[in-house]
Every structure is written in structure tokens, then in C-alpha cells.
Amino acid sequence: MSGAVVILTGSPEVGKSTVAARLAERAERSVHLETDHFFRFLVASRIAPYLAESEAQNDTVIEAIAAAARTNAEGGYLVVWDGILGS
């Protein structure tokens, strides 16, 4: 069984999470992947993701998010990826 990944991105406070939640609610099997949480998982030496020196950290976090999205989609879920990509 295979699902799909939908990426909702844009500026802060434009309604991404609201739209993502509503989209996920409409699917029979879905995951609302709120990517901000992945940055909160970082504990020691967390660098604000908007700073230039956070590039390596951000690359790692994005890889973790992509892996979570892929795994859930492969499990048959519609994955709604909700977050800011890039700087």
C-alpha cells in the first residue's frame, strides 16, 4: 500500500497548519506532519533555524522530516507536511 505526501509551505502565520489539519481530516488515513516539532526535538546546542550558522542542523532536521514523511506514505498514509522550507 502506498500513500502520498503533500507539502504545505509558506511564510509564518499564513494558515498552513489550519489548512494542513483540514486536509488531513478529510483523508481516510492521514498524518499531519507538523515540522516545527522536529526543531523542538533538538535540545543541546540548538541553533535558531533562521541563522546562517544553522545550515547543517537544518539539513539534518529536514532529512529526519523527509524520512518520517516517506515512512508514513509507504505505510499507506496521506502525509500533509506542514512547515517552512528554506530560508
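1. T35 is a buried residue: its relative accessible area is 2%. A residue counts as buried when this value is under 20%, so T35, at 2%, belongs in that class. The model discussed here is a predicted one.

2. Where does T35 lie? The residue is found in the loop that links β2 (30–34) to α2 (36–40). Leaving aside residues up to four places away in sequence, T35 touches I65, W81, D82, G83 and I84.

3. The protein chain as a whole contains three helices and three strands. Read from the N terminus, these elements follow the order β-α-β-α-α-β. The loop that holds T35 therefore falls between a strand, β2, and a helix, α2, in an order that can be traced on the structure above.

4. How much of the protein chain counts as buried? The share is 28% of its 87 residues, and T35 is one of the buried residues.

5. Contacts across the sequence also deserve attention. When the contacts of the protein chain between residues at least 6 apart in sequence are considered, 67% of them join residues at least 24 apart.

6. As to overall dimensions, the C-alpha atoms of the protein chain fill a box of roughly 40 × 25 × 20 Å along the principal axes. The chain exposes about 5900 Å², and 54% of this area is supplied by carbon and sulfur atoms.

7. Finally, the charges: the protein chain carries 7 positive and 11 negative charges. The mean position of the positive charges and that of the negative charges are 7 Å apart.

Definitions and conventions
Residues are numbered from 1 along each chain as its sequence is written. This is a predicted model: local features need pLDDT of at least 70, side-chain atom pairs count only at pLDDT 80 or more; totals for chains, interfaces and linings use all residues. Side-chain values use heavy atoms; hydrogens and water are left out. Helices (H or I, at least four residues) and strands (E, at least two) are DSSP runs, numbered from the N terminus. Buried means under 20% relative accessible area, exposed over 50%, partly exposed in between (1.4 Å probe, protein chains only). Contact means heavy atoms within 4.5 Å. Accessible areas come from the Shrake-Rupley method with a 1.4 Å probe; for residues, only the protein chains shown count as cover. Lys and Arg count as positive and Asp and Glu as negative; His and the chain ends are not counted. The place of a charge is taken as NZ of Lys, CZ of Arg, CG of Asp or CD of Glu.
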